[in-house]
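Please look over the structure below before reading on.

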Amino acid sequence: MLAFLGAIVCIIASVHPAASPARAPSGAAADNDSSAGAAALLPPGPEQSLSALHGPGGSAGPQELPLPGGGGELLASARPLQHPLLFSRFLCTPLATECPTPSDGAAVQGDGPGAGQQQQQRQREEELLALQSTAEQLRQTALQQKARIRADQEAIRELTGKLGRCESGLQLPFQDTGPSGRQDTMSDGPAWDSPAVVRELEEAVRALKERIEKIEQELPVHGNVSTTTARPLPAQDPLHTQMETLEAQLLSKVMALEKERSSLSNSNHKQQQAVEKELSALQDRVAELEHGASAYSPPDAFKINIPVKNNYMYARVRRTLPELYAFTICMWLKSKSGGMGIGTPFSYSVPGQSNEMVLMEAGHDPMEMLINDKVAQLPLNLKDGHWHHICISWTTRDGLWSAYQDGQLRGSSDNLASWHPIKPHGVIILGQEQDTLGGRFDATQAFVGEIAQFNLWDHILTPAQILGIANCTSPLLGNIIPWDDKLVEAFGGAAKMPFDSCKSKAKAKAKA
């Protein structure tokens, strides 16, 4: 087909007559020469002549046939002058004479109308593949959204269960109250104002808040992904609303629980203070009736009575200690432990160290003196239920210590917290062992009995001085902590009672 079109173009261009007839014969000869030259480019044969281009019986105008011996020139001179037909100059490219092969025909047809159809078909196939890929992506996105919704529903059920447990936990304090409307603070069950329960609730609330915040942060991300591939799922908005409602309910319940715990703690504390105040007033009144108005005339003529072994009866010294490099502690003790360990007569706690100085006896173990958590066993025996005078002296140099009972040296050694000074600004408690600064008493370590004449010096007393105090021949008050009614305060049912250690000792000797 292409070869045929090219032949037609060559024929039209070569036989088109010149527009102007005034050209010279030389120009016609030149055109004939160029036509002859163009014809010479074609393969030899009769098919390539000018008449052959016009078909059988056709003509391209007057032709001059050459004659042998120059006869052409003679005929030209004898012929009358005419305007010759001029042919435009055109150079045609020779074409192969072979027939096109089937592959060539297919190539030719590929450039025709069939090629456009094939291209449209390929475009449709590509669009179909793109739609299938998009549909698969939408299906995967829908599956992911479905799985996410299921996970969120599980989270909501878990949060709802925890909220129910919190709601049921709010009723526990009221269920434990007796007929009188007052909660039993001495029960062994868990109290809502205890630090362990409060920490557990705070950790549960913190975990729930973190879980809710995580779910809220993840929900917008899934929503944005779904809008780019498919329409948003209608279940996301109710889910978000339900989670917000659940969070609000949880926070309100937690706040109600905190308020209830605070009110219970305050009420219990007020009740305990009122009971302690009433007990102290009654004991003071009994002491006045028994011993008269002159019972408290000397400032040191009193004792601390702790009748029951518990974790809330004690006495506190209102004066603190300076930094000490040596000390001597003396006191009168009467244990009512019934042959077991006497407990803790006194303890001194400072910030960061609850066992800065402790005197205690537990069970059948010997009495121990603790300084900065270092322990020394003291050869003292106070389990007979009588009054005894004890003194303990210590110096930071090499940790030297000595223990006296009833004015006699019972034992001494060294290496007890060597070169460690006693830290200042602590709390002195009589009758209880401190696990924190001024608190957290343990009933198993409490002292049961009576304490009097607790004195502390910032140096080591001589054996003679200690003997004079024990025999009541040379009474001596501590220069750091003296035994004074104004410096000692009783709590929790522990009571101050009139007491003269020397008179009591004289009466005991008289009876013996």
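What follows is a short tour, grouped by topic.

The model is predicted. The protein has 11 helices and 14 strands. Of its 512 residues, 31% count as buried.

**Overall figures**
- The protein exposes about 31200 Å². Carbon and sulfur atoms supply 57% of that area.
- Take the contacts between residues at least 6 apart in sequence: 69% of them join residues at least 24 apart.

**The open sheet**
- Seven strands make an open sheet, with antiparallel pairing, in the order β10-β9-β8-β3-β12-β1-β14.
- The edges are β10 (408-413) and β14 (495-498), and each of these pairs on one side only.
- Neighbouring strands of the sheet are turned by 25 degrees against each other on average, direction ignored.

**Strand β3 and its partners**
- Strand β3 (residues 326-335) pairs with strand β12 (residues 449-457) over seven bridges, in the antiparallel sense. In this pairing, W332 stands opposite A452 of β12.
- With β8, β3 forms an antiparallel pairing over nine bridges. Here T328 stands opposite S393 of β8.
- Nine of the 10 residues of β3 are buried, so the strand is largely enclosed by the rest of the structure.

**T395 in strand β8**
- T395 lies in strand β8. Is T395 buried or exposed? T395 counts as buried because its relative accessibility is 16%, and the cut-off for buried is under 20%.
- Neighbours within four places in sequence aside, T395 is in contact with Y325, A326, L400 and I460.

**Helix α10**
- The buried residues of helix α10 (residues 463-470) are I466, G468, I469 and A470.
- Just after α10, C472 takes a positive phi of about 65 degrees.

**Salt bridges**
- The structure holds eight salt bridges.
- E136 forms one with R139, with the closest N and O atoms 2.8 Å apart. The two residues are three apart in helix α6 (residues 113-170), so about one helical turn separates them. E136 is partly exposed at 36% relative accessibility, and R139 is partly exposed at 44%.
- R148 and D152 also meet through their side chains in a salt bridge (3.5 Å, N to O). Both lie in helix α6, four residues apart, about one turn of the helix. D152 counts as buried, at 2% relative accessibility.
- K383 and E361 form a salt bridge at 3.8 Å, N to O. K383 sits in the loop between β7 (374-378) and β8, and E361 in strand β5 (residues 353-361), so the pair ties together parts 22 residues apart in sequence. K383 is partly exposed, at 24% relative accessibility, whereas E361 is buried, at 4%.
- K303, K336 and E450 are linked in a network of salt bridges.

**Nonpolar surface patch**
- F4, L5, I8 and I12 make a nonpolar surface patch of about 380 Å².
- L5 belongs to helix α1 (residues 2-15).

Note on methods
Residues are numbered from 1 along each chain as its sequence is written. This is a predicted model: local features need pLDDT of at least 70, side-chain atom pairs count only at pLDDT 80 or more; totals for chains, interfaces and linings use all residues. Side-chain values use heavy atoms; hydrogens and water are left out. Patches are made of residues with over 30% relative accessible area and no salt bridge: like charges are joined within 9 Å, nonpolar side chains (Val, Leu, Ile, Met, Phe, Trp, Tyr) within 5 Å. Accessible areas come from the Shrake-Rupley method with a 1.4 Å probe; for residues, only the protein chains shown count as cover. A salt bridge is a side-chain nitrogen of Lys or Arg within 4 Å of a carboxyl oxygen of Asp or Glu. Buried means under 20% relative accessible area, exposed over 50%, partly exposed in between (1.4 Å probe, protein chains only). Two strands pair if DSSP finds at least two bridges between them. Axes are lines fitted to C-alpha atoms, for helices over the stretch in contact, and angles run from 0 to 180 degrees between N-to-C directions. Contact means heavy atoms within 4.5 Å.
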